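Look at the structure first, then read on.

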Amino acid sequence: MIINRRHFIGAAAASAALLSSPAVLGKTRPRVVVVGGGAGGATAARYIAKDSKGAIDVILVEPTRHYYSCFFSNLAIGGFQPLSKLGHSYGKLASDYGINVVHDWVTAVDRDAKTVRLAGGSVLSYDRLVLSPGIDFVEGAVPGWDVTAQTKMPHAYKGGTQTALLKAQVEAMPEGGTYVTVAPPNPYRCPPGPYERVSMVAHILKQRNPTAKILILDPKEKFSKQGLFMEGWEDYYPGMIDWLTSDFTGGVQRVDPNTMEVVLEDEIIKADVCNVIPAMRAGRIVQQADLTNEDGWCPIVPATLQSRFDENIHVLGDSTVNGDMPKSAYAANSQAKAASMAIRAALIGSRTFKPRFSNTCWSLISPDNGVKVGATYVATDEKIAKVDGFISQNHEDAGLRKRTYEESLGWYTGMARDMFG
Ligand code: FAD
């Protein structure tokens, strides 16, 4: 349901559960409400609470009690990580950092009143609002598919049950069956994600079902770390994976989740497993708050991550259009720290420094065969701009690839600690 400002004000006025602003209650502590307890939101909440030493009241609103990361979910599909290890609770953010963690959905933002409404009926006021709700899918992007089809044709682009479902489907594929990836157009969450996933699926099929085939139906002409993936696929999974661009297939015309058919211009493919990853846009709440551009993403002020449309709201992570940074957990975490610094400066006068941003995206192609791409960035007036970057090389020795994989394991542990304490 879309809630516009008129509906919102009416509902808010009727709400018995208005949580008044600190000023109304005679308190002096400014309040930050953070929406979304993922890579951007959890990091922002923790850094604001930790670095303000209790001078800022932080409320984190997140519907789920356990955050299951998308990052490393491909490794769970490949059997390299138990899915249970990707689940994280918010307990420490509450107990060790004094963050008020509220498990609910934010259904509307009233930018004039500086309040958010929760599905449970409460209304929270804020001095600054942080929105980091991740992505949602563009409706109708893949004709025949909508979220009700996700139990048959999973996207597995939000963590947890979708990952478990896709993994189970791969493991149950009939001998010699066909696995299809419907890849998304740019821009989307985790550029190497679909291709690392194919590598992990191929790893499983090679052991259990070596005559199975994998088709990638891609609207793009090229993709992240393409040379590295292609080399790995040839070396480890020869003859198993076909990457077909829309130039060749005419593009996916529609899918039928009931018959498991994928219809191309001149051909119908019968899939045994079909991973549909539709086109994406900013999380719904950013759209409802009227903070998106015509492409469905939120433009931000690079140094502070403030929305270009509302200086009291900071938008982080996948929902933003920021310039050169990809949509990754590493990037969202890096942006959260810059936003946290700006918010503390605005609310309690803390010192600020020029933010520097960084990102690395690791991918596993086969056992102990890790590759990476990354960069550092600075904030210019126009965008978060890349300064310098690096990428793994083709034909690297096995020892280096193993160390790259181990580095990624260390990153995950550090990242989880940085988000959840
Ligand atoms: P999220 O982490 O998705 O957090 C959003 C949160 O907001 C969710 O918990 C959601 O429940 C909550 N939310 C949404 N709407 C509301 C609302 N209205 N009210 C309250 N809460 C709300 N990144 C890497 O850096 N490295 C990797 O190796 C990597 N691998 C990936 C592999 C895959 C298969 C995928 C799909 C992604 C991967 N990523 C990786 C990308 C990474 O997961 C995302 O870029 C990152 O999670 C974005 O952070 P975020 O804060 O924007 O959104």
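Strand 12 (residues 178-182) and strand 18 run parallel and are joined by four bridges. Strands here are DSSP runs (E, at least two residues), and helices are runs of H or I with at least four residues, all numbered from the N terminus. Within this pair, Thr181 has Asn275 of strand 18 as its bridge partner. Two strands count as paired if DSSP finds at least two bridges between them.

This is a predicted model: local features need pLDDT of at least 70, side-chain atom pairs count only at pLDDT 80 or more, and totals for chains, interfaces and linings use all residues. Residues are numbered from 1 along each chain as its sequence is written, and side-chain values use heavy atoms, with hydrogens and water left out.

The parallel pair belongs to an open sheet of four strands, ordered 14-13-12-18. Strand 14 (241-245) and strand 18 (273-276) are at its edges; each has a single partner strand, so one side of each lacks a neighbour in the sheet. From one strand to the next, the twist averages 15°. Such angles are taken between axes, lines fitted to C-alpha atoms, and run from 0 to 180 degrees between N-to-C directions.

Another open sheet has three strands in the order 15-16-17, and its pairing is antiparallel. Here the edges are strand 15 (254-256) and strand 17 (268-270), each with a single partner strand. Neighbouring strands are turned by 20° against each other on average, direction ignored. Three bridges pair strand 15 with strand 16 (residues 261-263). Val255 stands opposite Val262 in strand 16.

**The ligand**

What surrounds the ligand? The shell has 33 residues, the closest being Glu62, Tyr67, Ser132, Arg189 and Asp318. A residue is near if one of its heavy atoms lies within 4 Å.

| Residue | Part of the residue | Distance to a ligand oxygen atom |
|---|---|---|
| Glu62 | side chain N or O | 2.6 Å |
| Ser132 | side chain N or O | 2.8 Å |
| Tyr330 | polar backbone atom | 2.9 Å |

Taken alone, the ligand exposes 1,000 Å², and the protein buries 93% of that. These areas use the Shrake-Rupley method with a 1.4 Å probe. Helix 10 gives the largest share of the shell, three residues. Domain 1 (2-136 + 281-349) and domain 2 (140-278) both contribute to the shell, so the ligand lies between them. The domain bounds come from an automatic or database assignment.

Technical notes: Polar contact = N/O pair within 3.5 Å; in protein donor to acceptor, adjacent residues only side chain to side chain.
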